[in-house]
Structures are given as structure tokens and as C-alpha cells.
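Hi everyone, thanks for coming. I'd like to walk you through a structure that may be new to you, so please have it open while I talk.

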Number of protein chains: 2
Amino acid sequence: MKRKIFKEDIIKAGYELMYLNGYNATGIKEITDRVNIPKGSFYNHFATKQEFGLEVLNYYSEMGKQALIEGLINSKLSPITRLKKFYKSQIEYFEHVSENKLGCLMGNFSQELGDTNTDFQKALNEDFINSTAIFKSCFDEAKAMGEIDESKDTTILAEYITNAWQGALLRMKSNGNIKPLEDFYTITFRLLLN
Amino acid sequence: MKRKIFKEDIIKAGYELMYLNGYNATGIKEITDRVNIPKGSFYNHFATKQEFGLEVLNYYSEMGKQALIEGLINSKLSPITRLKKFYKSQIEYFEHVSENKLGCLMGNFSQELGDTNTDFQKALNEDFINSTAIFKSCFDEAKAMGEIDESKDTTILAEYITNAWQGALLRMKSNGNIKPLEDFYTITFRLLLN
């Protein structure tokens, strides 16, 4: 008996394809082939490719937000220890699991669609605001505990570091190794979060 | 009399389209329509879309390299003054000319193709190595003149800052304004190049 295909199965299939190949390079048929349903069935669930793409983004950014809350807020480790652990596990992932591919879907979609599609821009901006706020909250805790110098502006540092990480991920893709992520880690903890 | 269309005209047309919309989203016909030639003529000049895309990348990165050499090497200003002037003019460009769009073609292609296409990866990596070396050379001059603290590692700083700028450009696209570039400027000169 064939397993019933749910909306979330299609989102997951599209997420995997779009994460690697991008939004424009991923066709509807490729997505429906992956879950073995006819192409037409896609439109029972999603009005347009864009509506689907926004759901894929939401699926990813919700997972990301939960991981950030777990790693950077709900932890008994000191704030800087949490941050180091978080980035180390990210670097580990990109080295051994994704093999220097993929990056961050929010970054990928920003690059591909942020400046040409206002619906994606709005959704991406909200996602970045949410994740940056979690970093800022962790930096503020570090500052209150004296782990970060009290002269430092955690709002602008959270923006800068969130963006610098995106740049490091982007460079990883053309570098073909995690050296850009290691450089990110070194400078971030040596000169910014100190 | 119709003006003769040269290979470089096609590259320039493709560059404009791919810079904004990306490599995958740009069709050959769109490019040839822009310079008013039949689609088939494209293949008199380029064997494949990929060969063309690599020429577009080379066209862009050569322009970028010349601008970096002019701004960061061949200048009588102090190294840090050169760097500040360079980034200020970039921010001005993204605010008033590109209107928070486009970003950097090397970054865009890295994001879109760096991890899935080894020919692009190789070309992009070389371009980034070249531009990072120019930044490092300027940072080294600054260090020799005492504008940057002598304890700082200019190799890793050049990598970090080049990548952080890519991240700021990416975030500009989803932010819809130049705030990420201003944050980049503030932190880079306040905490890294000091």
C-alpha cells in the first residue's frame, strides 16, 4: 500500500532540493518526482511556486530558530561557552555532514531573491531579525557576566556577526573547505566577543 | 545601418542580467534579445552557457581587481584612509546607484554555484584569493605604519573582512537598505582594523 503523501513531505522534498540548488533551479516536477506524486498534485497544496518557496523558508527558519533558542538561550553553560559550542557544532556539520555545501537557506534565498522579490524580502528580513535578536540576547548575558567588555555595543555586534557568518558560509562554497568558518571563529572570539 | 555586435557586448548584456537575477534565472534568449541578435548567434561566440557564465565572472572580477588596485594600492592616502574611502564609496554606490540590489557577482555566483559546479568554484576561489591578497597588502602597509596594532594577524583579518563584507551585502538584499553595510563599516574600523 502506498504511503499517503502529506503537505509536509512535499515541503521537505522541496527544502532539500532548494537548499542545494536554489529556488530558481528547482522545478516543481523535480519536487513531485522526489515524493512520487503527479506534478498536478502539487497545486492541491500550494497555489504557486512562490507560496511553496515561502513555506520552505518558513520550515527552515523555524527549525533554525528552535536550534538557536536551545543552544544560545536555554543552556546552563556561560554565554560565551554556549556561543563557542554552537559555532563549533555548526562547523562540524559543514565539514562532515554537508561537506562544504548548502550554507544557510536564509542566506541563499537572500542572495538569490532578497533584492528582486518583495515577498521573499519581507519574510527573510523577519527571519534575520528574529535570529539576530537571539544572538543579541546571548551577547547581553555575556556582557552582564563580564565575558564581553562593557564598552561593546551588542546590537551592532549581533548584526555584524550574524552577517559575517553568512559571508563565511558563502566563501566556504567557493573555497571548498571550512577554512572560512574557522577564520570566522578565530576573529569573532579573539577580537569581537571579548 | 545596424551596429555590429561584438562578443563583449553579449558578455556585458549577460553580466547585467546575471548580476541582478542570477545565473540559472537568466536565459540565453533574454541575453540575445537584449543586444538584438538571434539566439543562435550566441553559440558563434560561446560553446555553452557555462563557458559564457565564466566569461561574465571574469569580466566582473577583472573590473573589481582594477578598482581594488586603484583604491587600495596605488594611492598616496594612508592605508586606513584608503580603506575607509573605498568602503564609503561602495556604500554610496549601493545606496544611490544599485538601490540595495545586486551585491557582488563573485558572492552571488559563490552562493548559487560555488558548491555545485567545480568549474565555477575554481574560478571563484581564484578571484577571491586575488582580491583578499590586495586587502592583506593594504592591511600590512597599515600595520607597518602603526595604523593597525602590530599584534594583529593581517592574513586572517583579510579573509574575515572580505567574507564579512559579502555577508553584509547579502543581508542588504533582504534588509532593503544599507544599514548592514554601515554596521560593517562601524565594527570593521572600530574593532578589527585598529
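Let me start with a definition: a crossing of two helices is called right-handed if the near helix is turned clockwise from the far one by less than a right angle, and left-handed if the turn is anticlockwise. Please also keep in mind that this is a predicted model.

With that in hand, look at chain A and find helix H5, residues 79–97, and helix H8, residues 154–175. H5(A) passes H8(A) in a right-handed crossing. Who makes the contact? On the H5(A) side we have A:Tyr87, A:Gln90, A:Ile91 and A:Phe94, and on the H8(A) side A:Ile161, A:Trp165, A:Leu169 and A:Met172. Sorted by class, that contact holds seven nonpolar residues, one polar residue and no charged ones. The two axes are 12 Å apart, and the packing angle is about 20°. Angles under 35 degrees count as roughly parallel, and therefore H5(A) and H8(A) are described as roughly parallel to each other.

Let's stay in chain A for a moment and move to helix H7, residues 118–144, where you'll find A:Ser131. Is A:Ser131 buried or exposed? A:Ser131 is buried, because its relative accessible area is 11%, and the cut-off for buried is under 20%. Leaving aside residues up to four places away in sequence, A:Ser131 touches A:Leu68, A:Met106 and A:Thr162.

Now let's bring in the second chain. How are the two copies related? Chain B superposes on chain A by a rotation of 180° with 0.0 Å of shift along the axis, and the RMSD is 0.0 Å. So the copies are related as by a two-fold rotation axis. What about the surface through which they meet? Of the interface residues of chain B, 100% are also interface residues in chain A, which means the copies meet through the same surface.

A:Gly107, A:Asn108 and A:Gln111 of H6(A) meet B:Gly107, B:Asn108 and B:Gln111 of H6(B). By class, the residues of this contact are six polar, no nonpolar and no charged.

Next, a word about backbone angles. Most residues other than glycine have a negative phi. A:Asn36 has a positive phi, near 55°, and lies in the chain A loop between helix H2 (28–34) and helix H3 (42–45). B:Asn100 also has a positive phi, about 65°, and sits in the chain B loop between helix H5 (79–97) and H6. Are they buried or exposed? A:Asn36 is exposed, with a relative accessible area of 60%, whereas B:Asn100 is buried, with a value of 16%.

Last stop: B:Lys85, which you'll find in helix H5 of chain B. B:Lys85 is exposed, with a relative accessible area of 56%. How far is B:Lys85 from B:Cys138? They are 53 residues apart in sequence and 13 Å apart in space, C-alpha to C-alpha.

That's my tour, and I'm happy to go back to any part of it.

Terms used. Residues are numbered from 1 along each chain as its sequence is written. Chains are lettered from A and ligands numbered from 1 in the order in which they are written. This is a predicted model: local features need pLDDT of at least 70, side-chain atom pairs count only at pLDDT 80 or more; totals for chains, interfaces and linings use all residues. Side-chain values use heavy atoms; hydrogens and water are left out. Contact means heavy atoms within 4.5 Å. Helices (H or I, at least four residues) and strands (E, at least two) are DSSP runs, numbered from the N terminus. Ala, Val, Leu, Ile, Met, Phe, Trp, Tyr, Cys and Pro count as nonpolar, Asp, Glu, Lys and Arg as charged, and the others, Gly among them, as polar. Copies are superposed by least squares on the C-alpha atoms of residues with pLDDT of at least 70 in both. Buried means under 20% relative accessible area, exposed over 50%, partly exposed in between (1.4 Å probe, protein chains only). Axes are lines fitted to C-alpha atoms, for helices over the stretch in contact, and angles run from 0 to 180 degrees between N-to-C directions. Angles under 35 degrees count as roughly parallel, over 145 as roughly antiparallel, 65 to 115 as roughly perpendicular and the rest as oblique.
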